[in-house]
Structure formats: structure tokens, C-alpha cells
Amino acid sequence: MSAMSNVTLDRIRKRDPAMLESLVGRHQRRLRGFIAILGLDTAAVDDVAQEVFLRAFRCLDRVEDLELFERFLRGIARNVVKEHFRDRGRTPKSLEPYIDQLSALSVTDTRNEADRMTGLQRCLEGLTPRSRRMLDLKYLEERPSISIAVELGMTHGSVRVQLLRIREALVRCLRAGVALKTRGAQP
Amino acid sequence: MTSDRKEELLGKLLDGSLSGDEREELMDAAAGNRELAEQLFELLSLEPFVADLLRNDDDGTGFLRQLRHRLDSSSDTGFIRRVVETARKDAISEASAQGVDGDGPAMPSTRRSRSRRIIGRDLSRIPSQWIALAAAGLLIGVLVFITVEPSDTGSGRGKTAHRKRESDRSSRDSKAVTEDQAAAPRDERDRELASADADKKRHDAEAQLREIEGKRRILTQAKPESVEGPEAKEKREKDLADLKREKERIEQALREAADLAKNNDRPAPAGPSQEQNPSSPQATPGVKPEGATQAAIAQVEEVSGDAFLVTKEGKTPLAPGGNVFAVQGLQTGGAASRILLRFPDKTQVELGPQTMLAELKTDSGKRLSLTQGTLRAVVAKQPKDQPMVITTPQGQAKVIGTTLRLVVDPDPRKGTRLDVEEGNVELKNLSGRTVLVESGHFAVTASDTELVSMPALLFSDSFDRGNLSLWRIPLGSDWHVTKNPSGPGFTLTGGPGASADRWGWRPLLCGNPSWQDYAVEASARFESPVRGARLIARVQDIDNFYWFEYANSPEGSHPLVYLFRHAKRENFLIKSEEAAGLEPNRWIRFRFELIRKTLKGSEDGFFASGAAGLTPRWTEDAGWGSPVQWKDVRVENLSTPKTK
């Protein structure tokens, strides 16, 4: 570990607010995404992610390597999600095996969050006005898809499919952007 | 899995409308298909980025602010903070870190060694911590109860609204919040923060209770006399007795605190961690010595869904034919869960979903302790001096012989509702006041609610009179009651008539403008797959009311329910969702509940009161002439008695 990392780690262990905020900023979106893959409803993801950070902050002394902080968070997240299901009377048996498997399948995304946001912003700008309108209705106005269907004169099912395809297009666009950047960096 | 199916499931997953079975199907497929799993991961991990970008929160400050407030709130509010911190200082913070136990690959866990240190402490120190914890839990609960009002917290929309408010809010130094400020009236944001804080602390304390339960297990493991001398044995038993008493106290305190802190939207656990720590019966007094012969109090007649027998050893699945003994408890799980019990005198008790019957015993009559959920009892005539008594957190019902239903809401403001179908039941609240609830009436025991008996049913008509004498029939409509050609009874058909335009609502109406909180329900049958039926409520006049529709989608492919506000000839969609079970020529029963601003689980405060009614659905091809048959209309009174 570099001297710089040691200093950072020391400040984190001392609960330096600026360092903790920076840590949250670096990891929160990827953590939220990871929690979603563990089977949580979208409405509960943010609450659980905050609980994960709170628990992580209580045992920062155990953090020995910041490079492994994301794995550390994910370990906590898996347990918080299991508790979440148990508290709500869901049968843990039905989902916990998947949590383990999917957690093992998922690969830590080491891309910089800011780069990802910039790339995604560009991809969003490339959407058709109708697709953008659908996303705004979904995320900004938080309208259910049936309401979007009424608004846009579509069927409920086709709104779902369309929103899925828009997201798939964003994933492809993001991948292409990253690939382009990687290629550009090669000699 | 076909690509169409995959697309459908992924669409629903991202839409948040995936059912439990569908989720399992998708997760199952993903677990066996790396490509699908990675696709899932990519799509879901993209969600926070897209959401934050579209909400103009690209720097992530919304999440950070929420987190900061949750962090701050654990060190705020003077006195309570000091009590909590004293209690938590060396025990709870460690217990609450259990989430990393066994995980965090590169992080050597120190929790186990710490836990050993806690377990190794003198037991006499523990009760003082518990008492402090209980005090903290209660104080927080009371504070939250005073300051939290039912709101949209808990729903996704509510949380986002909260996040938006938080985003707009200037940074606040929570350490500046003093004890005096905590006592002063708070604004909505502070109430939400207090609620989150109480939740967190309750969670932490529950974790501590689980740990203490572990200690109890260690103490209850009997040792051979050769190993354990009589003095040690005596001390162990004394420790156990102390432990049991203190645990009872803290469980009760935490249960009350948790109940007080609970908000309307959130499904709440019944007491502290009953799922993981189903130990209520063992904590109750009067447990017979092990090995003593006990007579069965009741027999399990039927079971469906998730049903458990709760004993001091833990929770075991329940099967029909099993016996229930004194101080054992029963618990049911999700929506389809149910337990039917039969007592030797043929009294029947049915437990509905999400119900916790903490204990059954006989002590001058049958004694049941219902802590959460729904209980319906058909009680055989009991000896006069040995009534059946059902105790709830808010009161008790004394039954000589009758049919009744009790619903215990986790929210103490909603409390316990008793509905008497036949006979009389005496209901007593915590302050000792009693009321006699007669057949067809109900009463509620809840904090700050007057204990009075009220009629349970505002209106009912099965149309067996063969006429519409109970209804108001609008001019120009063609409502009529006809005898069933194929069997006994009558049904209602008709409506505004095919000639009326889409604004020509002429619903059949009952009730009066003072009706506020009620549920209107009816059975309807359609001949065509694209027809539907509407219940209307809080009717101000013919152009202002709510309507709730059960219909197939325009293409007839799947059933939907809609909830609209109809105001001045404009329809405003409040809610819509997919439904199940709508088929032509089959009776369906549907129900529209309105309690204050909550309409079928959604919020709208436009119309506060008004009459109820029904109408067919308007369609392009048939206008109002879509044939619908109706029967068994009921309007149930959901009013809460006046606040004291």
C-alpha cells in the first residue's frame, strides 16, 4: 500500500467527514446497483444502501486495504439484504442461494464513477425525444408504466418493453464509449 | 427461457412490478446462465446512474445528504442521545456490526472475540444496560409518536420527495440540535429523521437482544452435576431467572417503541425480531416446569401457507392434527397463510395472515394473547365465570359465546378493532374503560381514541327484495332488479343507458353526504371480456366523485384496476395496476376502501366524504350499455371513533 493510501486510510479510520463523503461518493452508485441485483425492489435500494454505509462506518477499523473497500461493502450488503427479506417475512431460502450466486457472478466495476456519469450523459443526449420523454416520466416524475402508457397512448406492456430497450441501448452505448476510450488509449 | 419471456420479465423487473414467482423464475434463470446474469447486473447497476442523472443529481448529493442526516441523527437530541449512547457505548455498536460477520474477505473480524468478552462479563451488569436501552427505546418511541404523523414515508415516491426536499435544504449542523430544540415542535423533515433514527436504534437494540438470547441458550445448556456444583447450578438458575425477567421487560419496551415509531406504509415486524427470535412465549410467566404433563388446549384443524408453532425451543412448522399446549404461541406468514384451531368445546379460532398469537392458556377460562394480525373466533357458549379473554396490546375482549373478529394493527394509533358478528362482547381498553359491543357493531381500542360501539355496516343489499327501495335512482337511468333465470335470488342490471354520452354518469347511489371512511364492495359479472364495472364513492354530485374500476385492458388481454378522481367532468388517474381473476361470466368481488386520504393504498384528499354507488363501464362501442350483473352490495364502516 502506498504512503498516500496509508494517510487516506488513517483519515478514514478517524472518521474524517471529508474522507467519508469522498468514500461514499466513490462507491454509492455501484453499491446501489449491486443491492438491486440482490433482488430488492427499487424503492428499498437507497435505504438499504445507507444502512450498509452506516454499518461499514462502525467498523472501519477492519478496513486494511481501500482497494478492497467495495468488496467489504458488498459483504455487508449481502447480510443487510438478507435481514431485509427476513424482516418482511420473505422466505430467505427462496432468494439467498441466488444472492450468493449472483454476488459471486458479479464483477467489481472499477471504472471511475464520474467517467461513467459523463459517458451516460452523452448517451442520454443521443436518445430520441420520445425515448427521453419516457425516461423523464419514469425517473423524474416517477410515474408507473401504466400511467406512462396513458400519457403516450401506448399499451402497458409496450411501455415496459420500450423502457427495457432504452436501457439496453444505454448499456450498449456506454460499453461502446468505454471501448472507444480504451482503444484510443492504446499505442 | 424464451427471449420474449426474458424480455417480459426484465421489463417487469425494471418496472418494479415483478411478482415473487416471476422474480424467482428470473433469478433461477440468471443463476444458471452467466450471460443473463451479467445482463441483469448491467441493467440494474445502471439504474442509479440513470436515475441520478435524470433527477439532476449527478454529483450524488441527494444520497450523501440522506446518509449524512442518518449519521447525524445518531448523535443528536441531547438527553435521548446521552441515554442511548450510554447504553450503546460498548455493546450495541459491536452487535450492530454483525452485518460483516463472516464477510469482508480482507477484513479480519474482531466481532467474535468482542462477543466473547461481552458474554464473559458478569451478568449482573447486563440488566442495567437493558434498562437504559428500554428507556431509550421508549423515549424515542414516544418522541416519534408525538412528532411523526402518517405520511408518505416508506413509499418510493415519498422517499424521493423526501430526497428532493433534502436536496433543496441547506446544509445543517445536526450537532447544534439541542435538547430544547428536540422538545420544540419539529417540521416534517425532522419528524422523518426522527423516525429513521428510531428505526435504526430499534434495529440495533434488536441485534443486541439476539445476542442476549444466545447467552441465554448457553446458560440453559444443563451441565452434568459432576461438572457443575450445587452452588454454581443455583447461581446459573438465578442468572437465568434474572435474564428472563429483564428480557421480558426490554422486549415489551422495545415492542412499544417499535410500534410507536412505525408508520402506516411500512409492513412492521411483530415485536422484536420474532422471525429470528421467536421467544415471546418463553419470556412469558407461567411456563410449566419441563417434564410436567400438560393437557392440549386446542387442536390444529387446518393450516395453509406459512404457519408455525412458537415454543421456547423456537419456531416449528405447524401441521393439521397437532396439539397446542399452554403458553405456546402460533404465528402465520404471508397473504395465503392461515391457521384454524378447534378447542374441546368446539370453539373455533382462525388466524389470518401476518398474525402472531403470542400465547394460549387456560386460567379461569380460555386466555389468548393476540399481538398482531387478524383473529376470527366462533366461540361456543362459555361458563359465565370462565369467559374466553383475548388480550391485545391495546385492551382485551371478554367473550361468553359469540362470533367475532379482532384485528390488531401494529400502529398503536389504529390499535385493536373488534367486529362482532353475533352475540355480545365486552371490550376493555388499557385505561380500564369497557364497552359492550353488540352484534353488527364494532369498537376500537387505540391510543387517544374514544371507546364506543359503532355500527359495522352502513348499508347492504343483496337485491332479494326484488326492488331498489334502498337506493336513489337517477332520472333517465334504466336500473332494474330481475329474478335469476337459472337459480334463486335476484340480480341488478342496467345503468345510464346506451344512449347517454360518456359524461352521462347515472350511477345507482346509496348513503349520504356525511359518509367519510368506508369500504364499498360488490360482486359483478360481465358477459364480454372487454367489459368492466365501477364502484363510486364520496359522491358530491353527479360530476364530482371517485371511481374504482375493475376491467380488462382495451385489447381484452389482461385485467386491470383503475382508480380515478372525477372532478368537473375531468378524469384524473390516481392509480392503476394489474389485477387477477377477471373472466367473462364469472362473479368477481371487488372492494374500494377509503380511509381519510388513503384510497386503495394511494393518497388523494380531494373529496373527504359522500355517498357510494355503482355503475357499469363506459366503452366506445356500447356506451353505458355494457351489460353487467350485480349482487351483494355492502358498505362497511371504516370510521375510527373520535379522538379523545
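Reader: Which residue just after H8(A) takes a positive phi?

Author: A:Gly153 does, with a phi of about 70 degrees. Helices here are DSSP runs of H or I with at least four residues, strands are E runs of at least two, and both are numbered from the N terminus. The model is predicted, so local features need pLDDT of at least 70 and side-chain atom pairs count only at pLDDT 80 or more, while totals for chains, interfaces and linings use all residues. Residues are numbered from 1 along each chain as its sequence is written, chains are lettered from A and ligands numbered from 1 in the order in which they are written, and side-chain values use heavy atoms, with hydrogens and water left out.

Reader: How many residues of helix H8 of chain A are buried?

Author: Buried means under 20% relative accessible area, exposed over 50%, and partly exposed in between, with a 1.4 Å probe and protein chains only. Helix H8 of chain A spans residues 145-152, and six of its eight residues are buried. The buried ones are A:Ser145, A:Ile146, A:Ser147, A:Ile148, A:Ala149 and A:Leu152.

Reader: Is A:Glu151 buried or partly exposed, and why?

Author: A:Glu151, found in helix H8 of chain A, counts as partly exposed because its relative accessibility is 41%. Contact means heavy atoms within 4.5 Å. Leaving aside residues up to four places away in sequence, A:Glu151 touches A:Arg133, A:Leu137 and A:Arg143. Its C-alpha atom is separated by 9.6 Å from that of A:Met134, 17 residues apart along the chain.

Reader: Which cysteines does a disulfide join?

Author: A disulfide is a covalent bond between the sulfur atoms of two cysteines. The criterion is a pair of cysteine sulfur atoms within 2.5 Å. A search of the whole structure finds one disulfide over all chains. A:Cys123 is joined to A:Cys173, with an S to S distance of 2.0 Å. A:Cys123 lies in helix H6 (residues 113-125) of chain A and A:Cys173 in helix H9 (residues 156-185) of chain A, so the pair ties together parts that are 50 residues apart in sequence.

Reader: Why is the disulfide of A:Cys123 and A:Cys173 left-handed?

Author: The torsion about the S-S bond is about -90 degrees, so the disulfide is left-handed. As for accessibility, A:Cys123 is buried at 7%, whereas A:Cys173 is partly exposed at 32%.

Reader: Which residues are linked with B:Glu521 in a network of salt bridges?

Author: The network links B:Glu521 with B:Arg589, B:Arg591, B:Glu593 and B:Glu636. Within it, the side chains of B:Glu521 and B:Arg591 meet at 2.5 Å, N to O. B:Glu521 lies in strand S22 of chain B and B:Arg591 in strand S27 (residues 588-595) of chain B, so the pair ties together parts that are 70 residues apart in sequence. B:Glu521 is buried at 12%, while B:Arg591 is partly exposed at 22%.

Technical notes: A salt bridge is a side-chain nitrogen of Lys or Arg within 4 Å of a carboxyl oxygen of Asp or Glu.
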